[in-house]
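Subject: Structure handover

Hi,

Here is the structure for you to open. My notes on it follow below.

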Amino acid sequence: MARIAYVNGRYQDLRDASVNIEDRGYQFADGVYEVCEVRGGRIVDFPRHMGRLQRSLSELRIALPMPLSALLIVLREVVRRNRVGYGIVYLQVSRGVARRDHGFPPASVKPSIVVTARPLNFAKNQDTAAHGIKVITHPENRWPRVAIKTVALLPNVLAKQAAREHGAYEAWYVDGDGYVTEGASSNAWIVTREGRVVTRSADSGILAGITRAVLIEALAALQLRFEERPFTPQEAHGAAEAFVTASSQIVMPVVAIDGQRVGDGKPGRIARRLREEFHRFSCFS
Ligand code: PLP
């Protein structure tokens, strides 16, 4: 089946879809993105993702290319045309096409927008969650403005590749004070031996994950104890459980960190429960 992308106003076969070589997203990574989960053909937590998109765009002074209501229509159409029941929809907005020059182009240059969608293998993801994933730690080496969901992901690419080369799935960044910030493409969590669910505050050092925000609401509703504070890899090694959150993975148990097992080396009870119950607390568009 042909895959379809939306590129600057047109739905195109992915094989023919392209952006101009002077697109600033391509030349300067001057753009932002969002990834939403798709379930039952519907987009998960669209309003929250759009809230973050608007914050990222306004930090970089890029205009929203179309109203959110129109954006929802485009995202739904890309999901529909690609027949995605379970998967992800990807949205990227760059500052647009202009002669290469570091400073911003004239205000007349319109932002570029690209939307793609693809199915994910539900059974495979469930299987991964049933076994849990391994993570490595990696020195924090990103710019400080990680709250902006920019397409400038080179440090994340290199950290993820380092994880792969160590037989792990994710890399957890560790800041100069010895605390875990987040994963290369996920937020990091532990569950203490006393049953408290811990993740770092979104005030510094992390991207404020949408899955993270929904999960914090879920924890309150499920009457699970929650602490927003940093933790070290040492604390994580001694924790009862660990997991990561991201839109494409929801809650993914972590069973080993730097080759040392977490808890009993199996996905934790709380992480499994949160994975099962998560979508009761999300919204569908
Ligand atoms: N942190 C980083 C660096 C990410 O790239 C992501 C997702 O891609 C997340 C956290 C999780 O964010 P969300 O739950 O909104 O997908």
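Let me start with helix α6. Its buried residues are Ile 210, Thr 211, Arg 212, Val 214, Leu 215, Ala 218 and Leu 219. Please keep in mind that this is a predicted model.

An α-helix has 3.6 residues a turn, so residues three or four places apart point the same way.

Just after α6 comes Gln 223, with a positive phi of about 55°. Gln 223 sits in the loop between α6 and β12 (226-228). Its relative accessibility is 72%, so Gln 223 counts as exposed.

Which residues come nearest to the ligand? They are Arg 52, Glu 182, Ile 210, Thr 211 and Ser 247, out of 17 residues around it.

The side chain of Arg 52 has an N or O atom 2.8 Å from an oxygen atom of the ligand. For Ser 247, an N or O atom of the side chain is 2.8 Å from a ligand oxygen atom. Glu 182 faces a nitrogen atom of the ligand: a polar atom of its side chain lies 2.6 Å away.

How much of the ligand does the protein bury? Taken alone, the ligand exposes 390 Å², and the protein buries 93% of that. By type, the shell residues divide into 5 nonpolar, 8 polar and 4 charged.

α3 has 14 residues, which should span 20 Å at 1.5 Å a residue. Its end C-alpha atoms are 20 Å apart, so the span agrees. Buried in α3 are Leu 71, Leu 72, Val 74, Leu 75, Glu 77, Val 78 and Val 79. Note the charged name in that list, Glu 77.

Arg 83 follows α3, and its phi is positive, near 50°. Most residues other than glycine have a negative phi. Arg 83 lies in the loop between α3 (68-81) and β5 (87-94). Is Arg 83 buried or exposed? At 66% relative accessibility, Arg 83 counts as exposed.

**Ile 43**

Ile 43 lies in strand β4 (residues 42-43). Its relative accessible area is 0%, so Ile 43 is buried. Leaving aside neighbours within four places in sequence, Ile 43 is in contact with residues including Leu 72, Leu 75 and Val 79. Other contacts of Ile 43 include Cys 36, Glu 37, Val 89, Cys 283, Phe 284 and Ser 285. Pro 267 is 224 residues from Ile 43 along the chain, and their C-alpha atoms are separated by 27 Å.

**Ser 282**

Ser 282 is in the segment after α8 (269-277). The cut-off for buried is under 20% relative accessible area. Ser 282 has 10% relative accessibility, so it counts as buried. Its side chain reaches the backbone oxygen of His 279 at 3.3 Å. Not counting residues up to four places away in sequence, Ser 282 touches Val 44, Asp 45 and Val 214.

**His 237**

His 237 belongs to helix α7 (residues 233-238). At 18% relative accessibility, His 237 counts as buried. Beyond four places in sequence, His 237 touches Ile 257, Asp 258, Gln 260, Arg 261 and Val 262. Gly 259 is 22 residues away along the chain, with 9.9 Å between its C-alpha atom and that of His 237.

**Gly 167**

Last, a loop residue. Gly 167 is found between α5 (154-165) and β8 (170-174). Its relative accessibility is 53%, so Gly 167 counts as exposed. The C-alpha atoms of Gly 167 and Arg 229 are separated by 29 Å, and the two residues are 62 apart along the chain.

Best wishes

Definitions and conventions. Residues numbered from 1 in each chain as written. Predicted model: local features only at pLDDT ≥ 70, side-chain atom pairs only at ≥ 80, totals over all residues. Heavy atoms only, no water. Near = heavy atom within 4 Å. Polar contact = N/O pair within 3.5 Å; in protein donor to acceptor, adjacent residues only side chain to side chain. Areas by Shrake-Rupley, 256 points an atom, 1.4 Å probe, with all protein chains shown as cover. Buried < 20%, exposed > 50% of the residue type's maximum accessible area, 1.4 Å probe, protein only. Helix = DSSP H or I, 4+ residues; strand = E, 2+ residues; numbered from the N terminus. Contact = heavy atoms within 4.5 Å. Expected span 1.5 Å × (residues − 1).
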